[in-house]
Amino acid sequence: MSRTAAPPTTEGRRRRTWRDPGLIVGGLIVATMVLTALLAEAVAPYGPREMNFHRSLEPPSADHWLGTDELGRDILSRLIFGARASLAVGIGSALMAAVLGTSIGVAAAYVGGRLDALLMRVMDVFFAFPAILLALTLVVVLGTSQRNIILALGIIYMPQFARVARASTLSVKGEPYVEAARAVGCRDLRLIARHLLPNIASPVIVQTTVSVAFAILAEAGLSFVGLGIQPPDPSWGAMLNTGKIYLEQLPHLTVFPGLFIMLAVLGFNLLGDGLRDLADPQSRGRAR
Amino acid sequence: MVRFILGRVLAAVPVLLGVTIAVFLVMKLMPGDAILARLGTEATPELIAAFRDLYGLDRPLPQQLWEWLGRVARLDFGVSMVSKRPVLESIMQRLPATLELTLAATLLALLIGVPLGVAAAWWKGRAADLVARFFAMIGQSVPTFWLALLLILLFALQLRWFPATGYVSLIDDPLRHLRHVALPAVTLGIGMAAVVARYVRASLLDVLRRDYVRTARGKGLAERSVLWRHALRNALIPVTTVVGIQIGTLIGGTVIIEDIFGWPGMGRFALQAIYERDYPVIQTIVIVIAAFYVSINLVVDIAYTVLDPKIRSEGQRD
Amino acid sequence: MTNLGSLFRPLASVAFVVALLTSGAYAQGDPQYGGTLRVGWNYAGTTVDPHKAITHGPDSWISKLVYNTLVGMDQDLAIRPELASSWEISDDGTVYTFELVEGVRFHNGRELTAEDVKYSLERLLDPDTGSSRRANYTDIAMVEAPDAYTVVITLSRPNAIFLTQLAQAAASIVAREVVEEHGGLDVVDGGSGAFRLVGQQADGSIVIERNPDYFIEGLPYLDRVVFTTVQDNQARNTAVRTGDLDLITHVTGNFISLLRNDPTVVIPEGDGSSGQFYALLFNTRRAPFDDMKVRQAIAHALDRETITQLALDGEGFTLAAGPIPPWHWAALDPVFDGADMEAALQFMAESQHPDGFSFTLRVWSAQQFSVRAAQFMQQTLAPLGIDITIDQQGDWATYWAAVTSANYDATIQGFGGNIDPYDYTFETFREGGARNMMGYVNREVEQLLSESLRLTDRDARKAIFDEIQTIVVNQAPQVYLWNQKQTEAHRADVRGFHHLATLDLSAIITTWLDR
């Protein structure tokens, strides 16, 4: 559940190219996942809650490509619908963190001075909190609804956006055209909207993609310990949890959900890395 | 130098203070009937009143906060609502297990990650680089609790090489400790190794790029080896920052893994406390972990600055 | 009354020892002394005070090892001597005279006498002690200790199962001075049993050690026993397979066959039958479950056979009628045969909620079988217009506190330690009973229960319990689901352990390690 930004990518004379294999693969995985989640009803062979009690715990077969679970539900279908939950939480929390964090970061860098120092100290406090414990506690305190999970994760990933946005804003703030715009009396908000935001868009987008990856992992972890999505709604992490008691007898119950989680996270990570390389091949991202 | 260190230490204090206050506020969010849930059938009105009094829940918020801060300063973190034992004592008893696990995972991560990163940089652009980066990517993306289950299935249940649960202290019996810590350390170490490998690679390439320009006319293999060794030393310095952060994150992040492997550390204790709504324990563990995180960052910060004078002069810290 | 005590005493002690030892200890060679047995169970009790133990579980299991009772039960659930070497019952069944074994010592060194028995039973009956089992002993009118080794208990009415009740951990004999010095026995040892309580360790485990002065010569074999809580089923079952634990409890469902197939693990003989029943409990104090028609509708809509199969992977017996399992002599003939949706719809139509309603079904997440049953119910009851929200609670204490304080709509839970049909029914159906979370009140049933105690003829008692079960099945404060197979599992080098239908771990007294 690390919230650190990616390392500096110093690929030397890497060209700006869309042909980076990582970017393509990542993009494909993400696109497939999003499409599948959106079109779940059409793609999935069965409903996610459709129980067939006489066909429980079956290994993969022609009827059920990935087998059935302990209540006779089709695992493939549940994994497909689970993608919806994972994406909803992943994207929802990443967006929330992006909006909140970017606002704070931009405000801090733009206004500067005492506000900047104060806000960054507050972000430091957030950083010092152990992420998993904070997520677990928040969910337990607020309740285990999807909305609360998004809220909790959004809060946890916000500080990283604040730092990224702030750093970006600082570098743009000193640019001559910005100074010039201020000199001719351009109003602050307009300045921010027209000049600042487009320039900090790239690192924020990259950070968003990476945050989605972490959020998907986090949601799976929460569901794994029973504090995430509640039954009978499908969740990859919860499927891992209920399937693990058959670890030796029916390993497919454990293997497939975990595989899907890994693929999803991999996709977003690759995409994020690819986007970062694309946007700023020479950029030296912050080590934190 | 001393002023710098002092300055850093002083900067850390408000962060810890902030964490303490934030923890207090988060716990205040807890629903009112949590007390009832804890007391259950024994909840006579007198008992509830006594309970509220003990935990100071009737007094105004600022006063509660002040009392809380005062107690924290005295290192009085109260007693567990479940075991009725002093919280700090219970945590300190479990801390060594978490630290041992963190140490093992970190060592493993360095042992795997550093060579991997160096290799990737050495053979940059070639097959080995791609393979190394591919594995690093996988390592970063794999869910640790899934990996744990797979490792248990293969190494504990099928091959019976390692135990799946249980704990033996490093001090009591190093050999048996190694057997017990193996699987959990690998589970945690792989993710960290991936991050380390990527940073080592990037940092190394960065240093090489800068220094290479200076020694553009390298006089053959011998020169290149010297260049590499020099570069490696310089490149590893920023990596320590990352490793430090990773360790700090790891100490707070062993929760689920400790639970799966039955590792009696702070993380597992925290998870149980969260299930049981044992708020004094949850609060204190968060503060302890935050203290570790801040301290480690502090040490790494200072070490980094001491080791790399270029950074000091650039004044690039935010 | 003739006093043949002096003859019976040595004979009875020998019989006791023989009974204990032939229960399996010698089956695999000579027992060895020493060693530490590491036991794993799935939740921690809250007290080791025998008079306050709440559930038939870890609470009372420790008491059975640290304390003694007047009589005990052997593997076939027959009464055998323990602290009492012999006893006589008056013709009218109200006066029990016990002769105690001489030379039994409490762990603090003092000899256990009749005065201690008197004190202990009175403490159990004292409302201030707060024993949840107290109601099982209220037939005791008077306890006397005419001499140091004779106890006379007078009942207000005859009670057919009184001796069985005396064999429960709740009727343990405790040392008065320990109670008075420590204000209770929650964390200290006031017993005389085969093991001494060392205490709770920092990591939450409970440790007991061998009592070298145990009144039965040669027992126990083990030096120490350590009880650890491993809530997660997968982790606990894996631990016994890899040898991290020597013995585990609560082995159910698919784990029974899994462990059976593991050559390094032994599942004790027997089909794992347990005196336990699982049911869907309704909070009859709250709408909509204050409406009997609603409860009856649900009772008819559920296919218990399939639920049992799904929840336990087949390792259980369906309860198609009342709480008493089909293999028990007092079992009621099956009433329900699969799901009868027509009848269910009919009941719903006649109820106050003909269009359906919604409620929250609470389950404890460690009981995966309950989680599955809950999801099954959610699906099957939907056509009736019933919308269920499943609330999965991670912590036993929080979950149970909510249920016992009537803060729930419905829940799925099991109750064990039952031997006599009275055990299955008394605390469940009497007003304010320790297992009556439903808030059920039925005077007729209470009357029948009381009558059942006065009869000794098995057929007559069965007739009464048939009547009781028919009433409660009809009124449905609970819908009975399954009687699960639950057993223990241990390493192959753990000897002398056997499974008891009461699920307690008294067999640890005769357990030894072949290492």
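**View 1. A salt bridge joins C:R241 and A:E248.** In this predicted model, the closest N and O atoms of C:R241 and A:E248 lie 2.4 Å apart. The interface of chain C and chain A holds two salt bridges.

**View 2. Chain C meets chain A through several elements.** On the side of chain C that touches chain A, two or more residues each come from α6 (233-242), α7 (254-260), α9 (304-312), α11 (368-381) and β16 (386-393) of chain C. The largest share, seven residues, belongs to α11(C). By type, this side of chain C has six nonpolar, nine polar and four charged residues.

View 3. Chain C supplies 19 residues and chain A supplies 20 residues.

**View 4. Four strands of chain C form an open sheet.** Their order is β4-β5-β7-β6, and the pairing is antiparallel. The edges are β4 (84-89) and β6 (140-147) of chain C, each pairing on one side only. On average, neighbouring strands are turned by 20 degrees against each other, direction ignored.

**View 5. Strand β5 of chain C pairs with strand β7 of chain C.** Five bridges join β5 (residues 95-100) to β7 (residues 150-155), and the two run antiparallel. Opposite C:T97 stands C:V152 in β7(C).

**View 6. Helix α3 of chain C packs on the sheet.** This helix (residues 114-125) touches β5, β6 and β7 of chain C. The directions of α3 and β6(C) make an angle of about 165 degrees.

Definitions and conventions:
Residues numbered from 1 in each chain as written. Chains lettered and ligands numbered in written order. Predicted model: local features only at pLDDT ≥ 70, side-chain atom pairs only at ≥ 80, totals over all residues. Heavy atoms only, no water. Contact = heavy atoms within 4.5 Å. Salt bridge = Lys/Arg side-chain N within 4 Å of Asp/Glu carboxyl O. Nonpolar A, V, L, I, M, F, W, Y, C, P; charged D, E, K, R; others polar. Pairing = 2+ DSSP bridges. Axes fitted to C-alpha atoms, helices over the stretch in contact; angles between N-to-C directions.
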